[in-house]
Amino acid sequence: MTPFELNEPASLKEAITLIDPDDPDVRPIAGGTALMLMMKAGVFRPRRLVSLRKLGDKFARIAATPPGGLTIGALTSLAALEHSPEVARHAPVIVRIMKRLSNVRVRNVATVGGALAHGDPHMDLPPVLIALGASVAIAGASGERLLAVEDLLTGYYETALARNELITELHIPAQGAMRAVYFKITAGSADDWPALGVAVALAAEGSRVTSARIVVSAATAKATRLKTAEQALIGADVNDKTLEKVAEAAAVEADIIADLRGSASYKRELLRVYAARAVRAAISGVH
């Protein structure tokens, strides 16, 4: 690892000032679980890192917001999400996925904002947040803005963040009658990177679906909503015929990529199978 300068600003304003948008060798660092690996591998050789660890407790808080939403500071650790009573109450699917998201050492250090800003398509959290309709608050030299998580992720390890912008908060709206599930499919250990991730959030009256979000990840360049598959589900009764339509629509719509975890044809078949299973699990409430 090459030597680098470390700055530790005490305020958000100071941190943004220190991140030079014209210098690609200056990067912010929160938990650093991904960035440090990239530095050790020589993929990234920063001249300066701007640590966000001293920005204050308000960026590491979890708070319920009326009428049942959540506001989560960007510096909140993944372990804090895992053990939060508020998250368990208002977005239990997040708590359920955490035990299979990497290992406890990583979860103790990795942060919510860092996990989103990294733009890794294999991460388990982004597809779930998209399914929940979450958004992020972003601060930069030109001011603040709010962006849906599905619009934050723009490509393979790419986001809509400018170089001198930072995620400050995650907002999860009240879920009401929505039920959410996430299926992680991996040939390795339970906490390994998945070959496919499928998140589904839906509301139903009996067996008829009134609202749905279906998101695929890991098999695609970014976590992506499958809107054609959603339309095949909304207004329909969940039965074998509907699930077959949803599964086929998902498999056709998704822009699947191949990697070390499987060929495109293999992942497409996985999606065809697990899109249907995820919808069935969400409608039945069995996870």
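T71 is buried (under 20% relative accessible area, against over 50% for exposed and in between for partly exposed, with a 1.4 Å probe and protein chains only), because its relative accessible area is 8%. The model is predicted, with local features requiring pLDDT of at least 70 and side-chain atom pairs pLDDT 80 or more, while totals for chains, interfaces and linings use all residues. Residues are numbered from 1 along each chain as its sequence is written, and side-chain values use heavy atoms, without hydrogens and water.

T71 is placed in strand β5, residues 69–73; strands (E, at least two residues) and helices (H or I, at least four) are DSSP runs numbered from the N terminus. Beyond neighbours within four places in sequence, T71 is in contact with R61, I62, A63, T65, E169, L170 and H171, contact being heavy atoms within 4.5 Å. Between the side chains of T71 and H171 there is a polar contact at 3.3 Å (N or O atoms within 3.5 Å, one able to donate a hydrogen and the other to accept it; residues adjacent in sequence count only if both atoms are side-chain atoms).

T242, L243, V246, A247, A249, A250 and A251 are the buried residues of α11, and their cover includes β13 (208–217), α10 (227–233) and α12 (264–284).

F4, in the segment before β1 (5–7), counts as partly exposed because its relative accessibility is 30%.
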